[in-house]
Amino acid sequence: MLVVTVSPAWLFVVAVVGALALGCVGFWIGARKDMAGAGFLLGFFLGPVGLVVIAVMPPRQDQHDRAARRQGMRRCPHCCEFIRAEAGVCRFCRRDTIPVGRPVDENALDSQWESLYRS
């Protein structure tokens with residue numbers, strides 16, 4: 001009969017390595033939601049339960065706002081819903097907004113006006 005004995009030191013090493021691995025997975029999941037540190041801590045201390053917790057947590061509001069701005073959206077000053085940056089009227093509250101477009105090159109405008117006046 002073969003009897004295998006495992007020392008408590010090895011069990012401790014395996015537990016720490018497993019916790020670090022789960023912490024790294026939690027870090028990876030949390031980094032996508034701007035919560036990398038929380039993901040690592042939840043994965044490290046709670047294990048698979050922490051991974052589920054960080055996976056179902058909603059992203060932070062500021063991350064949501066940044067993603068919308070990258071897609072050319074902004075918040076309506078009246079109802080705070082996301083609308084296109086170029087929109088002159090909010091599609092939710094139907095109020096007028098000031099469109100935010102690209103910066104205007106004044107030199108190009110001056111040359112256009114001059115060409116109109118000369119002709």
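Trainee: Where do Asp-62 and Arg-66 lie, and how many residues apart are they?

Mentor: Both sit in helix H4, four residues apart. That is about one turn of the helix. Keep in mind that this is a predicted model.

Trainee: What do their side chains form?

Mentor: The side chains of Asp-62 and Arg-66 meet in a salt bridge, 3.5 Å from N to O.

Trainee: How many salt bridges turn up in the whole structure?

Mentor: Four. One of them pairs Asp-34 with Arg-66, at 2.7 Å from N to O.

Trainee: Where are those two in the chain?

Mentor: In distant parts, 32 residues apart. Asp-34 is in the loop between H1 and helix H2, which covers 36-46. Arg-66 is in helix H4, residues 61-70. Asp-34 has 32% relative accessibility, so it counts as partly exposed.

Trainee: What about Asp-65? Which residue is its partner?

Mentor: Arg-75. The closest N and O atoms of that salt bridge are 2.9 Å apart.

Trainee: Why does that pair tie separate parts together?

Mentor: Because Asp-65 lies in helix H4 and Arg-75 in strand E1, residues 73-75. Those parts are ten residues apart in sequence.

Trainee: Buried or exposed, for Asp-65?

Mentor: Buried, because its relative accessibility is 14% and the cut-off for buried is under 20%. Arg-75 is partly exposed, at 30%.

Trainee: Which residues are joined into one network?

Mentor: Asp-34, Arg-60, Asp-62 and Arg-66, through salt bridges that share partners.

Trainee: New topic, helix packing. What are the angle and axis distance for H1 and H3?

Mentor: The angle is about 0°, and the axes are 9 Å apart. H1 spans residues 8-31 and H3 spans residues 48-56.

Trainee: Parallel or antiparallel, then?

Mentor: Roughly parallel. Angles under 35 degrees count that way.

Trainee: Which residues meet there?

Mentor: From H1, Leu-22, Val-25, Gly-26, Ile-29 and Gly-30. From H3, Pro-48, Leu-51, Ile-54 and Ala-55.

Trainee: How many of the contact residues are nonpolar, polar or charged?

Mentor: Seven are nonpolar and two are polar. No charged residue takes part in the contact of H1 with H3.

Definitions and conventions:
Residues numbered from 1 in each chain as written. Predicted model: local features only at pLDDT ≥ 70, side-chain atom pairs only at ≥ 80, totals over all residues. Heavy atoms only, no water. Axes fitted to C-alpha atoms, helices over the stretch in contact; angles between N-to-C directions. Parallel < 35°, antiparallel > 145°, perpendicular 65-115°, else oblique. Contact = heavy atoms within 4.5 Å. Nonpolar A, V, L, I, M, F, W, Y, C, P; charged D, E, K, R; others polar. Buried < 20%, exposed > 50% of the residue type's maximum accessible area, 1.4 Å probe, protein only.
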